[in-house]
Amino acid sequence: MVNGSGLQSCYKAAKILCNAGYRLRVNGILGKFAPMKPDLGYITRRFGIIMMLAMIVAATIASCSEKAIVPVSRCEITDAMDSLVDRVFPGENAPGAIVFVIKDGEVMYKRCSGLANLKTGEPLTENTLINISSVSKIFAVAGIMKLAEKGLIDLEAPLSDYFPEFNKDVFGKINLIHILTHATGLPDNRPRNEEQWKRYIGEHPDSPFLVCYDYIRYGKDTELTRFYMTVDSLKNTPGTVFFYQDPPFMLISRIIEKVTDETFEDWMKENIFDAASLETACYVNGKMEGRGIAHGYKAKAHDTRPDVYVSNDSLWEEFDYGEAPFFMSRVDKGVFITPAEYVKWLDALYGGEIINRNSLNLANARHMESSWRDVGYSFGSFVSGGTPERPSKIFHNNGNGGFTVFESVFPDDKVAYFIFSNYSGWNRMETSKKVDRILESHSWIRKQE
């Protein structure tokens, strides 16, 4: 529906089209514009067509703030995927998940089940801003690789070059590749109880937090890595043992700020998010409130704190900012993005719009073996397969409070899928295996086992 001002815009658009000498050329079902010599007689006879087209353009512009829900046609995996989603997630009046399957660059399956906000009853949609937990790492990896391409970062330079305030005998042995592959050998000395907190406060008396539980709930990257100031030994030789932990990854934001002289958020927006045309993607900045933003939930505990939101049916309690531990770290699990924009991100990343092909191949290569059987680790992602018999599978499996994710990309088969959930009670690995079997049964991917 176009109002008075919109109609005026339509006339202006039509006039521009006429002056430019454009004619609507129909090829089958789809049409396209083709520049031609001005033909006023033709334009007069076809003014109605041009007006209709101009109205469509104006309406599209006017509605750009209201993202459309794009339907997806049924295909051969629809029934099996619908059945799986119905079994795994609690239903339409509870927290749930958004599931996408992409093949050859096209969204083949899409399902949004459950509520983004239990207080308001707002549903999860493809345009819901949701936290993607450890999938956040691939944005930081892309940032590091982009800076390396520009010669601003050396992946093999010692961390002591970036952090002279840290013990050189320790951090002089660690480089960015060790961080990206969870092989730094560093201990995780973040305080988690009162005894550890007393020791931490003794070493860092200028901490802005007075008690341990506030540090755990509200601490950000800089505070959560401050304990490195007093680390004087390694648990393992760097590059020899895989140990999945978040604090080393958090150092990436500080490195990017040091070499670019910009805030981490500003540089990432301009060079990574904007490069992929992501309009709403952002890093957690406290309590994420408002329409279109998901909240995380878990099953209600018997000892829920009185200040924590509990659903009207007493089945769910909120579990994100203010309730979940270490929720405010940005690099490793702090990205909020819509599923629709995440599809754009995958297209941009694998299409060479963010980093070059050599950088992407290096980032996705299997650099370390993880603690899981036949699963390795690349830069910020798990990886399996990679043989002629088994396709390479790049994946993430993690949670951040009530936000839980499983994301898989099969670059060789040109297939990807992701499950972004605001519910913490599902078995991510088992669900992923079932998705894999559905895709295998229709020969979308080669067998994984």
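"Buried" here means under 20% relative accessible area, "exposed" means over 50%, and "partly exposed" is anything in between, using a 1.4 Å probe and protein chains only. This is a predicted model, in which local features need pLDDT of at least 70 and side-chain atom pairs count only at pLDDT 80 or more, while totals for chains, interfaces and linings use all residues. Residues are numbered from 1 along each chain as its sequence is written, and side-chain values use heavy atoms, with hydrogens and water left out.

**View 1. The whole chain, before zooming in.**
Of the 449 residues in the protein chain, 51% count as buried. The chain has 15 helices and 17 strands; helices (H or I, at least four residues) and strands (E, at least two) are DSSP runs, numbered from the N terminus. A contact means heavy atoms within 4.5 Å. Take the contacts in the chain with a separation of 6 or more: residues 24 or more positions apart account for 62% of them.

**View 2. Strand β15 and its partners.**
Strand β15 covers residues 393-400, and seven of its eight residues are buried, so the rest of the structure largely encloses it. Two strands pair if DSSP finds at least two bridges between them. β14 (residues 382-384) pairs with β15 in the antiparallel sense over three bridges, with Ser384 standing opposite Lys393. β15 also pairs with β16 (residues 403-410), again antiparallel, over seven bridges. Look for His396 here: its bridge partner in β16 is Glu407. The β15-β16 hairpin has two residues between the strands, and Gly401 takes a positive phi near 65°.

**View 3**
An α-helix has 3.6 residues a turn, so residues three or four places apart point the same way.

Rings of Phe, Tyr and Trp (its six-membered ring) pair if their centres lie within 6.5 Å; planes under 30 degrees apart count as stacked, over 60 as edge-to-face, and the rest as tilted. The structure holds 34 such aromatic pairs. In one of them, Trp197 and Tyr200 have ring centres 5.3 Å apart and planes at 20°, so the pair is stacked. Trp197 and Tyr200 sit three residues apart in helix α8 (residues 194-203), which means about one helical turn separates them. Both Trp197 and Tyr200 are buried. Phe418 and Phe420 are stacked too, because their ring centres are 4.4 Å apart and their planes at 25°. Phe418 and Phe420 are likewise buried. Elsewhere, Phe242, Tyr244, Trp372, Tyr377, Phe382, Phe395 and Phe406 form one aromatic cluster.

**View 4. Lysines over rings.**
A charge sits over a ring if NZ of Lys or CZ of Arg is within 6 Å of the ring centre and within 35 degrees of the ring normal. Lys298 has its charged end over the ring of Phe319, 4.3 Å from the centre.

**View 5. The open sheet β7-β11-β8.**
Three strands make an open sheet in the order β7-β11-β8, with antiparallel pairing. Its edge strands, β7 (130-131) and β8 (282-283), each pair on one side only. β8 and β11 (residues 335-337) are joined over two bridges in the antiparallel sense. Within this pairing, Tyr283 stands opposite Val335 of β11.

Asn117 belongs to strand β5 (residues 115-117). With 8% relative accessibility, Asn117 counts as buried. Setting aside neighbours within four places in sequence, Asn117 is in contact with Glu122, His295 and Tyr297. Glu289 is 172 residues away along the chain, but its C-alpha atom and that of Asn117 are separated by 9.9 Å.

**View 6. Cysteines.**
If a disulfide is a pair of cysteine sulfur atoms within 2.5 Å, the count comes to zero. Cys112 is partly exposed, with a relative accessible area of 26%. Cys282 also counts as partly exposed, at 22% relative accessibility.
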